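Subject: Structure handover

Hi,

Here is the structure for you to look over. My notes come after it.

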Amino acid sequence: MRHLIMSIDVGTTGCCTIIFNEKGQQVSRSYQEYQSIYLSSRWIDHDPKTWLQATQKTVKEAINKLKHNKSYLSAITVTSQRATFIPVDKKGNPLDNAILWQDKRATEETKQLMNEYGTKKIYDVTGLRVDPYFTLPKLLWLKKNKTEIYNHSYVFLSVQDYIIHYLTGEFKTDWTQASRTMLFNINKLKWDKDLIKSVGIDFTKLPEAVPPGSIIGFINSVVSEELDLPKGIPVIAAGGDQQCAAIGLGVVEAGMVEVNTGSGSFVLAHSDKPVNDIDQRLICSASSIAGKWVLEAGIFTTGSIYRWFRDTFGQIVMENQRKLGINPYQIMDSEAEKEPLGANGLLLIPHFAASAAPYWNPEARGILFGLSLGHKRSSIIRAILEGIAFEIQKNINIMEIDIGKIKEVRISGGLTRSETFNQIQADIYGKTVAKTEYEEASALGAAIIAATTTGLYNSVTSAVDNMIHVNHLSRKIPIGQNHKVYKELSKIHHDLYCSLEKAGIYGKMNKVIKML
C-alpha cells in the first residue's frame, strides 16, 4: 500500500476526516461534532472557529490512528456543505459568524431580486431558483444590515475554501461551490460579471473559481508541523459535499440517481450538459467532475425531523434504553416496522424549515395530517419516514421528465441505517434502491476525485470502478402492491400541500407568528 488519501468533510453538524487507501477502503477515521447558533427559527449562524478546530482535531486523530506510514499520504482533499459563507480579512480571519445554508433571514432581499429580475433570468444564467437558501440574498442582507463587515471583508469564502486557505494560504473556490452562490454562470462555468455588477456585489470580494479536482496549493510548513503531516502534500478542492456524495455512490452516468438523507435530503442525477427545468422546480449545479453537471433537488429537513422526534417526544424512553446500550433509533425503527403501510392514515409534510424542491416556498411549515385518538407514537414515526420518502419521490419523478428513465436509486446518509426506511423508499419510488459498502459517500467521493487528480487512476470512471463496492445484500426491491397504494397516497400528499398554499395559509400563519 503506497497511496493514501486524506478526505476532510466539513458538514453541517460535524467534521469527519477519513484516510482511504487506493481501493477506497477506510484505514483511519476521526469525527468531531459542533453546534450552530440558532438566533431564531429562521436565522442560523455558525462560529467558523469550530470548523477549524474540528478540522485540526480530526486530522491529528486520524494521523495518530493510522497504522501505515504517513509518508504514503499522496493528497489531502476537502469537501464541505454548500451555500454557507464566511466574511474574512486578508489573512483569512473571520470578521463575523458564518451565515449557514439553512438560514432564511434574507426573505426581503429575495423578494427584491424577484421583483427586479424575475425568476427566469437568474435561473437561466445560474441554474438556481431565487431563494434565500443560496448565497446572493444572504450577501445582500449582510451588505444592508452589517455594512461595516461587508465593506471590510477581503473575500467571502465557503466552508471548504476557508479550510483550504488554512492548509495552503490560498484564496480560491471551485465551480461546485461557486455554482451555489447565484452569481455563477452555469452554462459558461465562470463568474457572471454582468450579474454580479447588476446586483451590487463587489467582484473583487469573490475568490477565483477553478475546476473541481484542482490542486489549490500545498500544505505549508507551519500547518504540517501543527497537524503532524508530511510537508508539501497537495491540497485538492473536491467540490461540494453533495456533488462528492454522488461520485462516492457511483452516480456518474445516466439512469441512476443519488438520494443522500442526513439532516436534509439531496437528490442528484448526473448530466453531460446543463439542464433547464421548464418550471424551475429543480436546480442545476456544476458536478465534481470538471465540465459535467448535476440536476439536483434539496429537501431541508428530513433526518433532522427523525432526530427532533427522538429528542422531543421520546426522551424518557430513549434515555432508559441508552443506559441499556440500545440505540434509540433502533427502537423507533422497530416501532415503525410494526405499523401498517400508510401509518393508519397519517401523512407528514416535512417542511420544518421551509420548502425547497419542488415547491420552493420559504413560508411553508411542517404538517402532520389525519391524527385521531387511535394513533400511537409508532404511527407518527412511520408517518415521518413515509413523508420524507414522498417528498423525495416527487423530485425523482420530475428528474425523469427532464433527463429520462431512472432505473436505480443509490442511497446513503444516516437515515439509511434503517432497513424499514430503505424498504419504504423502494416501495414509494417504485425502484430498486441500493447502498454501497461504505456509508461516508461525500468523503469517499472526494477521495475518488483526488485519486484521479494525482494520477492514481486515469479517469473518474476508472476510480469509481476500483474504489466503490455496492452492497448487494442491501438492495431493496419495490413490492408492487405497496407501490400501488403509495402512489395514491403520494397524490394526496401533494394535494394537501397545494390546498394550503393556494389558500394562503402559510403566509397568514407567518404574519401572526411575527406579531407574537
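Below are the ground rules, then the overall picture, then individual elements and residues.

**Ground rules**

This is a predicted model, in which local features need pLDDT of at least 70, side-chain atom pairs count only at pLDDT 80 or more, and totals for chains, interfaces and linings use all residues. Residues are numbered from 1 along each chain as its sequence is written, and side-chain values use heavy atoms, with hydrogens and water left out.

**Overall picture**

The protein has 18 helices and 24 strands. Both are DSSP runs numbered from the N terminus: helices are H or I with at least four residues, strands are E with at least two. The radius of gyration is 22 Å, close to the 24 Å from the globule rule for 516 residues, so the protein is as compact as a globular protein of that length. That radius is taken over C-alpha atoms, and the rule is 2.2 Å times the number of residues to the power 0.38. The C-alpha trace spans about 65 × 55 × 45 Å along its principal axes.

Of the 516 residues, 59% count as buried. Buried means under 20% relative accessible area, exposed means over 50%, and partly exposed is in between (1.4 Å probe, protein chains only). The accessible surface comes to about 20,900 Å², and carbon and sulfur atoms hold 52% of it. These areas come from the Shrake-Rupley method with a 1.4 Å probe; for residues, only the protein chains shown count as cover.

Take the contacts with a separation of 6 or more: 73% of them are between residues 24 or more positions apart. A contact means heavy atoms within 4.5 Å.

Charges: there are 59 positive and 53 negative side chains, and the centres of the two sets lie 1 Å apart. Lys and Arg count as positive, Asp and Glu as negative; His and the chain ends are not counted. Each charge is placed at NZ of Lys, CZ of Arg, CG of Asp or CD of Glu.

β16 runs parallel to β22 (residues 408-412), with 5 bridges between them. V259 stands opposite I411 there. β16 also runs antiparallel to β17 (residues 265-271), with 4 bridges. Strands pair if DSSP finds at least two bridges between them. A hairpin through 3 residues links β16 to β17. T261 has S265 as its bridge partner in β17.

**Helix α9**

α9 (residues 241-248) has 8 of its 8 residues buried. Among them are D241, Q242 and Q243. After α9 comes G250, with a positive phi near 80°.

T17 sits in β2 (residues 14-21). Its relative accessibility is 0%, so T17 counts as buried. T17 and T58 are 41 residues apart in sequence, yet 5.6 Å apart in space, C-alpha to C-alpha. Leaving aside neighbours within four places in sequence, T17 contacts M6, S7, I8, S28, R29, S30, T58, V59 and A62.

L52 sits in α1 (residues 48-65). At 18% relative accessibility, L52 is also buried. Not counting residues up to four places away in sequence, L52 touches Y162, I163 and Y166. L52 and Y166 are 114 residues apart in sequence and 8.1 Å apart in space, C-alpha to C-alpha.

**Backbone points to look at**

- A357 and P358 are joined by a cis peptide bond, with omega about 5°. P358 is in the loop between β20 (347-349) and β21 (367-369).
- L189 is a residue other than glycine with a positive phi, near 55°. L189 is in the loop between β11 (184-185) and β12 (190-191). Its relative accessible area is 11%, so L189 is buried.
- D228, also not a glycine, has a positive phi near 60°. D228 is in the loop between α8 (221-227) and β15 (234-240). At 37% relative accessibility, D228 counts as partly exposed.

Best wishes
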